[in-house]
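Let us walk through this structure step by step, starting from a single residue and widening the view from there.

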Amino acid sequence: MRKAKVVVTRNIPRRALEMLQERTEVFVWESDEEIIPRDVLLREVRDAAAIFTNVADQIDREVFDAAPHLRVVATMAVGFDNIDIAEATRRGIPVGHTPGVLSETTADLTFSLLMATARRIPEADRYVREGRWKSWSPMLLTGQDIYGATIGIIGMGRIGEAVARRAKGFDMNILYHNRSRKPEAEEALGAQYRPLDELLAESDYVVLMAPATKETNKLIGERELSLMKPDAIFINASRGTNVDEAALYQALKRKQIWAAGLDVFETEPIGADHPLLTLDNVVVAPHIGSASIATRTRMAQMTAENILRGLAGEKLLHTVNAVVYEK
Ligand code: GLV
């Protein structure tokens, strides 16, 4: 019997690929940088039973329509806003993702971005490299303190809590906003719940960790930015669509807030001519929250495992739309 076909939309760590190749016929879009062209994706899924995807692909109704034999979709990510989950559910197709394994790594990146922005590390690096360093100087590249400051975390899920644990190590005062209260985080970390507007007004660091949903779309816009302190630092390591980027640009340009550290953008990738990149008070990264070698390897293996389970008719390790099992 012909083996089930899996479409892997990007180069993935070897062990994960081998896991799939042992049991399935694999098509891989072998690129580290270029996303799979739409026509190739639509062509390759025609006889596919599974798709191994990532945050850069749009797995929408057109893709589901093109793939009549599809039995499982698994994304090498915790976020799944790039996949039409309702459409998958309607067709009884489980969608797998990789929560948990990337929380600590993503919190590390989030905190690195916070520290790099507060202490102006990229600007300092450019300053030295460009030969501009003339002498030690009392106010040269002075930034904001991290220890003892107030951090406000919007979205207190697994990653938000991991950020809070790091903040506790820096003796920060921890505020959070979330759909539901988190009594364990309040108990263990001393985190205090705040309505959004109060969190924005009180925080020295506003850290956005919420998933992209209808409710969080442009959650931070002109009004929200206007509530922040003039020396506030805004960090986004969640999804770019959670922020009104044009409003953020204006707030940063006018120094209405002090700085921003951004790992994600409204439309990715951004070009080198993006307006935010004209500002010195912006530190950017190309959506690398979970990008440690160990974590990306684990995520790829978990995604492969989700696919193999789905093809075997078993429950995935982590299913976004578990309701499909009730049918
Ligand atoms: C990355 O953005 C993820 O959702 O894992």
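In this predicted model, Gln-144 touches Ala-118, Arg-119, Tyr-205, Asp-231, Ile-233 and Trp-258, leaving aside residues up to four places away in sequence. Gln-144 itself belongs to the loop between α6 (121-129) and β6. Gln-144 and Phe-111 are 33 residues apart in sequence, and their C-alpha atoms are 14 Å apart in space.

Phe-111 leads on to helix α5, where it is one of the residues that meet α7. The axes of α5 (residues 103-118) and α7 (residues 158-169) come within 8 Å and cross at roughly 55°, which means that α5 is oblique to α7. The crossing of these two helices is right-handed. On the α5 side the contact involves Ser-103, Glu-104, Thr-106, Ala-107, Asp-108, Thr-110 and Phe-111, and on the α7 side Arg-158, Ile-159, Ala-162, Val-163, Arg-165, Arg-166 and Ala-167.

What is the order of the strands in the open sheet of seven? The order is β8-β7-β6-β9-β10-β11-β12, and the pairing is parallel. At the edges are β8 (192-193) and β12 (282-284), each of which pairs on one side only. Within this sheet, β10 (residues 233-236) and β11 (residues 259-262) pair in the parallel sense over four bridges, and Phe-234 has Ala-260 in β11 as its bridge partner.

Strand β4 (residues 72-75) pairs with β5 in the parallel sense over two bridges, and here Val-73 stands opposite Val-95 in β5.

The axes of α1 (residues 14-23) and α12 (residues 293-311) are 8 Å apart, at an angle of about 20°, and because angles under 35 degrees count as roughly parallel, α1 is roughly parallel to α12. In passing α12, α1 makes a right-handed crossing. The contact is made by Arg-15, Ala-16, Met-19, Leu-20 and Arg-23 of α1 together with Ala-300, Gln-301, Ala-304, Glu-305, Ile-307 and Leu-308 of α12. The residues of the contact between α1 and α12 divide into seven nonpolar, one polar and three charged.

The protein holds twelve helices and twelve strands, and its C-alpha atoms fill a box of roughly 75 × 50 × 30 Å along the principal axes. A compact globule of 327 residues would have a radius of gyration near 20 Å, so the 21 Å of this protein agrees with that expectation.

Note on methods:
Residues are numbered from 1 along each chain as its sequence is written. This is a predicted model: local features need pLDDT of at least 70, side-chain atom pairs count only at pLDDT 80 or more; totals for chains, interfaces and linings use all residues. Side-chain values use heavy atoms; hydrogens and water are left out. Axes are lines fitted to C-alpha atoms, for helices over the stretch in contact, and angles run from 0 to 180 degrees between N-to-C directions. Angles under 35 degrees count as roughly parallel, over 145 as roughly antiparallel, 65 to 115 as roughly perpendicular and the rest as oblique. A crossing is left-handed if the near helix is turned anticlockwise from the far one by less than a right angle, and right-handed if clockwise. Contact means heavy atoms within 4.5 Å. Two strands pair if DSSP finds at least two bridges between them. The radius of gyration is taken over C-alpha atoms; the globule rule is 2.2 Å times the number of residues to the power 0.38. Ala, Val, Leu, Ile, Met, Phe, Trp, Tyr, Cys and Pro count as nonpolar, Asp, Glu, Lys and Arg as charged, and the others, Gly among them, as polar.
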